[in-house]
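User: I'm new to this one. Can you walk me through it?
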Amino acid sequence: MKKLTYLALGLSSILSLSACNKANETASTDATAADGSAELIAPSRPECIAPAKPGGGFDITCKLAQIGLRDTGLLKEPMRVTYMPGGVGAVAYNKIVANDRSNGDEIIAFSTGSLLNLSQGKFGKFTEKDVKWLAGVGTDYGAIAVNAESPIKDLAGLVAELKKNPKAISFGAGGSVGGQDWMQTAILAKAVGVKPSDMTYVAMEGGGEAITAVMGNHITVVSAGIAEIMPQATANKLRVLAVFSEERLSGSMANIPTAKEQGYDVTWPVVRGYYMGPDVSAGAYNWWKDSFDKMLADPKFAEIREQQDLLPFSMTGEELEAYVYKQTNDLRELSAEYGLVEAAAK
């Protein structure tokens, strides 16, 4: 709990710092990178890899780049989105690091959940230092929801059922035990006096699959990012019981109660962004970085991000790399607190 609160506070501080840094930046319009180190090389076949099945948070992240770079006029060639499920990011990460290290056309979506898996050694022998971190473009928060016709009406009702018989309530999410969506349910269970190991958890490949499962009444509760849940909540197919943010969110999410206001101090911010292969040329990497810097500063992109129910987060290059390294270390400590064996190895 202590570490989770720290992560949330750390995100707030970095968001403020990032905003100040972006306000002081000026976009480069020359044929060279901002530091003059290399000629900018635009991608010939731009592609974003979403390391899961369609419909989840990685899908949202890739489409955010696809639409954002197009609508701000920064990408002339159409960007395709490729789905690469497997290990909630592990297959894509290993593909890039082991077999496609210098591809300057590809960017790969990541989230805080990716960093959590890296912190636990779930991406095999590779660590957070084996790729080039490119850009963070938005953030949302973890949330839990039930089918709109479920007899569970609110978080208090879910807690009552959990305490009565935790095995009878099935939580479904994208990822295995120890992953981001499992972690937020485990923290909630611990907060209400239920052992996480006593819960029924159904691991799926991506948030889209888990949302489909709860709508089909195959599971009781879905744990995912609020941005993944909102389209079906807006369509009155899901009922959101709680969002794991410090305060209520704005816009279409303003009526969703936080877990905190309902008496459970659980927060989980989810940063969304992109990385590239470790041997991508400076010219290719700097083209993407320069383009994301310009996109993030464009008011058009702010509207696009809001339409996806994501909140502002703007960070690129070395600043993002430092953020990723720090967050991954913090997540290792949090994982150790929950007895996840892999966390102790790092």
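Predicted model: local features only at pLDDT ≥ 70, side-chain atom pairs only at ≥ 80, totals over all residues.

User: Okay. What is Leu158 in contact with, leaving aside its neighbours within four places in sequence?
Analyst: Leu158 is in contact with Ile144, Ile152, Ile169, Phe171, Val221 and Leu241, once neighbours within four places in sequence are set aside.

User: Which residues have the most contacts inside the largest nonpolar core?
Analyst: Leu158 is one of them.

User: New topic: helix packing. At what angle do helix 4 and helix 11 pack?
Analyst: About 60 degrees, with the axes 8 Å apart. Helix 4 covers residues 112-119, and helix 11 covers residues 317-337. The two helices are therefore oblique to each other. Helix 4 crosses helix 11 in a right-handed way.

User: Which residues make that contact?
Analyst: From helix 4, Thr112, Leu115, Leu116, Leu118 and Ser119. From helix 11, Val324, Gln327, Thr328, Leu331, Arg332 and Ser335. By class, the contact of helix 4 with helix 11 has five nonpolar, five polar and one charged.

User: How about helix 7 and helix 8, at what angle do they cross?
Analyst: Roughly 35 degrees, and their axes come within 10 Å. Helix 7 is residues 207-215 and helix 8 is residues 226-234. The crossing of helix 7 and helix 8 is right-handed.

User: Which residues meet there?
Analyst: Gly207, Gly208, Ile211 and Met215 of helix 7 meet Glu228, Ile229 and Gln232 of helix 8. Three residues in this contact are nonpolar, three polar and one charged.

User: Last one, Asp105. Where is Asp105 found?
Analyst: In the loop between helix 3 (90-99) and strand 3 (106-111).

User: Is Asp105 buried or exposed?
Analyst: Buried. Its relative accessible area is 19%, and buried means under 20%.

User: What does Asp105 contact, apart from neighbours within four places in sequence?
Analyst: Pro43, Ser44, Arg45, Pro46, Glu47 and Trp288. Asp105 and Pro43 are 62 residues apart in sequence, yet 4.8 Å apart in space, C-alpha to C-alpha.

Key. Residues numbered from 1 in each chain as written. Heavy atoms only, no water. Axes fitted to C-alpha atoms, helices over the stretch in contact; angles between N-to-C directions. Helix = DSSP H or I, 4+ residues; strand = E, 2+ residues; numbered from the N terminus. Parallel < 35°, antiparallel > 145°, perpendicular 65-115°, else oblique. Left-handed = near helix turned anticlockwise from the far one by under 90°. Contact = heavy atoms within 4.5 Å. Nonpolar A, V, L, I, M, F, W, Y, C, P; charged D, E, K, R; others polar. Core = buried A, V, L, I, M, F, W, Y, C linked by side-chain atoms within 4.5 Å. Buried < 20%, exposed > 50% of the residue type's maximum accessible area, 1.4 Å probe, protein only.
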